[in-house]
Amino acid sequence: SVKSVEMEIFERIAKDSGGPIGQYRDRAHGYFVFPRLEGELGPHMRFNGVDVLNWSLNNYLGLANHPEIRKVDAEAAAKWGMAYPMGARMMSGNTRLHERLEQELADFERKEAAYEFNFGYQGIVSTIDALVTRHDVIVFDSEAHACLIDGKRLHLGKSFHFKHNDIESCERTLQRATEIVEKTGGGILLITEGVFGMTGALGILDQIVELKKKYKFRILIDDAHGFGVMGPTGRGTSEHFGVMDEIDLYIGAYAKSMAIIGGFVAGPKYVIDYLRYNMRSQMYAKSLPMPIVEGCLKRLEIIRSAEGDELRKKLWTVTRASQKGFRDLGFEIGPAEACVTPIFLPGNEIQATQIAQDLRTNYKIFCSIVTYPVIPRGMIIFRIIPTAVHTLEDVNYTLNAFADVKKKLAEGKYDSDVIPDMAIW
């Protein structure tokens, strides 16, 4: 028999490589991962003491440094402090302003009610956990965000994924789920995204809701990257597709278009009331501080105003110019329709670090890089996130820089087998 070798937890961690990403921490920390961007939030910031053109903030509408919002944030912090209200919403942390924000969010999304989250990620995980029982089946898109996957992992029943944005695969999966719930007596929760944050692709919401005519299921969408941005009035990807009434539960995040922490879920009042009393991440966590609540009210006011329309117009001007420019230069950016714009390049992890260093050091451009194991080997993604406060000059400068990078890549300028050691930064 093989004798098992026991290992103390910390001892095991000490001998671990650090995981798929953590294995690079000694050379990458502070530069490729956990970088430090400093200065006023916006298109031009400082990275390692150097001014850079920054394409790596989810500040879609430029509200992070909007003067009216900064004023409300500062006044609310001075008035309330960051502690008020103290305690969880259910026990001692509820206020009329929290309730007002929820009602305004519900009205904006044309739902009966809404419930806010302290953190978008945490709230989504807990929403899924509270909604389903072991008798229910979850059907989800294979490229769903990590928070949706983590919520699904808490599910004690069965769950099945369908091929990304593939309506035929989705229908086959719904058929399979239907056969199961006919035996268990449960229901089906279909989970997808309005905008897929890695690729900028839109979820096929219009096609999925059509399947409601043939199958009985509920739809939950995570529209973190669509809320405030997509659709004629910024109500999200469901508005973009004209299916707001068919989406059963709509989840929005504050962290993208509103440039602040938190999120919410909106839907039928009886479902939202149930979630209030069953979402563990909110029941046992401190209430969202009042300055954030007041700040969110102001942000939502701007999003719903004529100024919000103008900011969205600026955002889409920059986004479309960027996406058209990259495509015209022969870059592959996939099915990007939303603001997130991925630039796909052939190459390995070593080449990715060399290109990123070249962009940041020589071109003074900062954007996120994505490599294996997040995506398959042999591929690199540079992720551009346009905002309403970028300019067309920023776009043209970046397009010219990437044209240079593409030429250098073809000429083998990034073929060294040495990963730059940037930990000194």
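Valine 139 stands opposite leucine 190 in β7. Four bridges join β5, residues 137-141, to β7, residues 188-193, and the two strands run parallel. Strands here are DSSP runs of E, at least two residues, and helices are runs of H or I, at least four, numbered from the N terminus. Two strands pair if DSSP finds at least two bridges between them.

A word on the source. This is a predicted model, where local features need pLDDT of at least 70, side-chain atom pairs need 80 or more, and totals for chains, interfaces and linings use all residues. Residues are numbered from 1 along each chain as its sequence is written, and side-chain values use heavy atoms, without hydrogens and water.

Now the whole sheet. It is open, with seven strands in the order β4-β10-β9-β8-β7-β5-β6 and mixed pairing. β4 (113-117) and β6 (158-162) each have a single partner strand, so one side of each is left without a neighbour in the sheet.

Next, the cavities. Which residues line the largest cavity? Arg89, His98, Tyr115, Glu116, Asn118, Gln282, Ala285, Lys286, Ser287 and Leu288 do. A cavity is a set of points on a 1 Å grid over the protein atoms alone where a 1.4 Å probe fits but cannot get out; lining residues have an atom within 4 Å of a point. The largest cavity has a volume of about 50 Å³, the space filled by probe spheres set on the points, which are joined across faces, edges and corners.

Terms used:
1 Å grid on protein atoms, 1.4 Å probe; cavity = no way out; pocket = protein on both sides within 12 Å on 5 of 7 lines; lining within 4 Å.
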